[in-house]
Amino acid sequence: MDSREAILRALSSSDRAPMESVEMELDFETLRFGENRVAVFRQNLESAGGEVIETDDVTIEEISSRFDGVGIVVDTREETPDIPEDISGVSLAIFSSPLAVAENGAVWIEPCGRYPDSLLTLPIALAVVVSRKDIVDNMHEAYERVEIGKCGWGLFLSGPSKTADIEQSLVIGAHGAVEMKLFLTE
Amino acid sequence: MRAFTDHPTEASRFVSDGERAHWHDRALWFVRAKRDRASETLPEWERLREEAHRIKSHTMKHLAWYLRLFEERATANGIEVRWASDALEHNEIVASILREEGVERVVKSKSMLTEECGLNPYLQERGIEVVDTDLGERIVQLAGDTPSHIVLPAIHLKKEDVSEIFAEHMGTEEGNSDPVYLTVSARKSLREKFLTADAAITGVNFALAREGAVTICTNEGNADLGVAVTKLHIASMGIEKIIPSAQSLGVFTRLLARSATGQAVTTYTSHYSAPEEGARMVVVIVDNGRSGLLAGEESPILSCIRCGSCMNTCPVYRRSGGHSYGSVVPGPIGTLLAYSRDGERYSSLPFACTLCASCTMVCPAKVPLHDTIYRVRKSAIETPTYTGKRKALSLIYALLRYRPLYLTAMTLYGWAVKYLPRNLLYSGYNVWGRDRDMPEPARRSFSRIYDDIERREDG
Amino acid sequence: MRVALFVPCYMNDFHPDAALSAYEVLKRHGCDVVYPRNQKCCGQPFLNNGMHEEASEMADIFLSVFGDFDYIVSPSSSCIGAVKYRYATLEGGERFDSLSRKSYELCEFLHDIVGVENLDFQTPFTRKTGLHDSCHAVRELYLSSPSELNIPRYSKVEAVLSRVPGIEIVRPQRDECCGFGGGFSVMEPDISVMMGRDRIDDHSSKGVEVITGVDASCLMHMEAIARREKRNISFLHIANILAGREKGDIRL
């Protein structure tokens, strides 16, 4: 008997389909922000080390100009983005996001094979463009809108990478992006 | 590494450096306080905990069914699913996959399961370099040490300690203990490791049965970086990591980071349902004793989401440190995990607890931690280590049961406290008396006083 | 109301003054109080150390002694906690369910049954008083809101204590265990002492003169440390403050 069989056999008392649906009806009041949504989103992303810039001018030039010392820029919003061979040389990568979450400042990003995954993890700076209309209040709503499994990898990103592993001192910029700016459009 | 003796011995060692013990206690209380503030931002916090508990309990009732569903969906997505009965088999599976792909260098993000299985030494013995990329884990790896907390692996080290470790192993400036400098240095050094690695090994925070996907939560982005720059992703998970679907993640992602560090969410909440084009992804499902817990009174511990909040709130953990538990996962949940695995070796852990119940109050999945610790004491007291204690308690039982014995003992005690020379009363045998005075019995007991009350009332 | 007074074994011998105070406070508030002579230990040390056979015996004795009363009241939150919640974990523990319903810690009884508005404490207490929240009182009996939970803050103990004329109640910075834990105090003596010392330091830092609480074991443990370290802080069981009795005073 292989391990798969052995494990399933050991768990046989739990080997039956659920009769009831576990999905909750959210029968309790969850935190909602109403008109305050954008402000709450901004506050949460900024306390996570990100920066929120409200603007409708989100051309590659405008976005790049907001970062200091930018070298190679890749704009994944383009039909066929110009991506260099060595992605670790990219200093700024630009993404668009269909969804943002007010309660924690997160944005949803899915490469879906349009560009290499490492473009989200290697560049020192990230820019994400999202519309204020696409901000939801909380993660329950967010998970209702995204489709896990449609693309091989989907990520909620809430700011630049960070760590507090050295005596609880918060340091922005661990392995991933050191800088993350969020461009909020109409 | 020194062999584990028992919790009291290790804890004494930790506490003997009073200043450091207080520093450690304050550091962890600070994390508990951050959790409190985060929980207060959600009026529905207690309701969410109840939901998490409900979802996990439901999942455990149908665990095998959900595991099958996960395997079916993940496989359809292009993920290979393997099963390991125990730690050794897990390591063998991982090693064989690495060998198949000619892997020589691995980057690994935080996975308590791989620690539990002893994966690092197993691979290293077979000539495979394993670099732990989580900063805290990298620090302890370089130091030849082990993590002392599941979320904050290097919480027991001061920045000066880290500076020394990095100076020795990474060539950083001696005496420079600035956390930013040290982190940037680690980033540079680890970036090189990432870019020359052949495979990435990660843990799994939540496995989604319906979608056939795994969710990984980090602040550093090290899991995602490793997966993105290599062509082989091995994700190791315990069988209990399954949840029904992504809809449940609404509950868990709102609870996890707030409970762990007081943040609203981890910087990276990543969902992998298929390897990137041209890459390979394998999920290894591991039992290693978990299935045995499902039927017993320890089954609630399978609901743990590994947030670490029980450690942060435990007054004993804060003052004794993770290493004093002698186990991969320390603190209240670690006590139960370790004890269930090896009751003899870890028999002191269930007694390294005052049953204050703070752990149960903070657990996002409402695991009844202190209640379960209370329950396992029934078997723990029967282990050889506690023969002496059991005898002492039997003696106390006799005293409490039989009044004449009790009165005699109390009289003797009263005499001893009053008349014994101090150096005899407080000799080495008197464990209480080392740092505390002996309480003195009153001149008259309440029973005697009540005699007078009754007499007075009868007139 | 026929109230049986349950006095923990160690309080009988070490804090008879607090037991006497509890008796008096109950009487003063209209209770017909009885101290059943044949009472013994509630069995907590055996429950907490996994010795369920011995605990069962003590629980059965408790049931036979206290079973017929309307209320069982004790100046000890941990013992009442054992009766209410731990007896049920014994084999056939359902037979103790009736005890659960009528067992109260002293302040709990004064708050829930007598009613705060009906409380009448005559003797003022003007020393700066630190209130130690015992773990069993908070996280088992819910006499006050556990600091870990996101629920409205309340404290039955403070509500009762604040009816004492002139009292100034100070809370320590942390809601944390004193480190006694029964057997823990000698199994893990160093951690136990460090925890107790930290509690005393917490109260001291607020300029507290007296530390009080609903559990004599917590107070006894902290006092043992304070006396060894010659700290200038005293300990008084809450029953004594409510009754207007000084420590050690056993005059009727």
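# Working through the chain contacts

Across the interface of chain B and chain A, the rule finds four salt bridges (a side-chain nitrogen of Lys or Arg within 4 Å of a carboxyl oxygen of Asp or Glu). Before we go on, a quick word on the ground rules. This is a predicted model, where local features need pLDDT of at least 70 and side-chain atom pairs count only at pLDDT 80 or more, while totals for chains, interfaces and linings use all residues. Residues are numbered from 1 along each chain as its sequence is written, chains are lettered from A and ligands numbered from 1 in the order in which they are written, and side-chain values use heavy atoms, with hydrogens and water left out.

## Exercise 1: chain B against chain A

Task: work out how many residues of chain B and chain A are in contact, and which strands of the two chains pair.

Solution. 

Step 1. Count the contacts, meaning heavy atoms within 4.5 Å. You get 91 residues of chain B touching 65 residues of chain A.

Step 2. Look at the buried area (the accessible area, with a 1.4 Å probe, that two parts lose on being put together, summed over both). Chain B and chain A bury about 6,500 Å², with 58% of it on carbon and sulfur atoms.

Step 3. Pick out a salt bridge. A:Glu103 and B:Arg258 meet through their side chains at 3.1 Å, N to O.

Step 4. Sort the chain B side by class, where Ala, Val, Leu, Ile, Met, Phe, Trp, Tyr, Cys and Pro count as nonpolar, Asp, Glu, Lys and Arg as charged, and the others, Gly among them, as polar. The side that touches chain A has 46 nonpolar, 22 polar and 23 charged residues.

Step 5. Now the strands, which are DSSP runs of E with at least two residues, while helices are runs of H or I with at least four, all numbered from the N terminus; two strands pair if DSSP finds at least two bridges between them. Strand E8 (residues 153-157) of chain A runs antiparallel to strand E9 (residues 268-272) of chain B, over five bridges. Along that pairing, A:Leu155 has B:Ser270 as its bridge partner.

## Exercise 2: one loop residue

Task: find where B:Asn219 sits and what it is in contact with.

Solution. 

Step 1. Leave aside the neighbours within four places in sequence, and B:Asn219 touches residues of chain A and chain B, including A:Ser161, A:Lys162, B:Gln263 and B:Tyr268.

Step 2. Zoom in on B:Thr267: its backbone nitrogen is 3.0 Å from a polar atom of the side chain of B:Asn219.

## Exercise 3: chain B against chain C

Task: find how many salt bridges there are across the interface of chain B and chain C, and how much area the two chains bury.

Solution. 

Step 1. Contacts again: 82 residues of chain B meet 69 residues of chain C.

Step 2. The area buried by chain B and chain C is about 6,700 Å², 59% of it on carbon and sulfur atoms. On the chain B side, B:Tyr374, B:Arg436 and B:Phe446 supply 12% of that chain's share, more than any other three residues.

Step 3. The rule finds 12 salt bridges between chain B and chain C. One of the salt bridges joins the side chains of B:Arg390 and C:Glu54 at 3.6 Å, N to O.

Step 4. By class, the side of chain B that touches chain C divides into 38 nonpolar, 13 polar and 31 charged residues.

## Exercise 4: inside chain C

Solution. 

Step 1. Together the two domains bury about 2,400 Å², with carbon and sulfur atoms giving 62%. In domain 1, C:Ser77, C:Cys107 and C:His111 lose the most area to domain 2, together 21% of what that side buries.

Step 2. Two salt bridges link the domains. C:Lys156 and C:Asp112 meet in a salt bridge at 3.0 Å, N to O.

Step 3. Finish with the strands of chain C. Strand E1 (residues 2-5) pairs in parallel with strand E2 (residues 32-34) over three bridges, where C:Arg2 stands opposite C:Asp32. E1 also pairs in parallel with strand E3 (residues 71-74), over three bridges, and here C:Val3 stands opposite C:Tyr71.

Methods
Polar contact = N/O pair within 3.5 Å; in protein donor to acceptor, adjacent residues only side chain to side chain.
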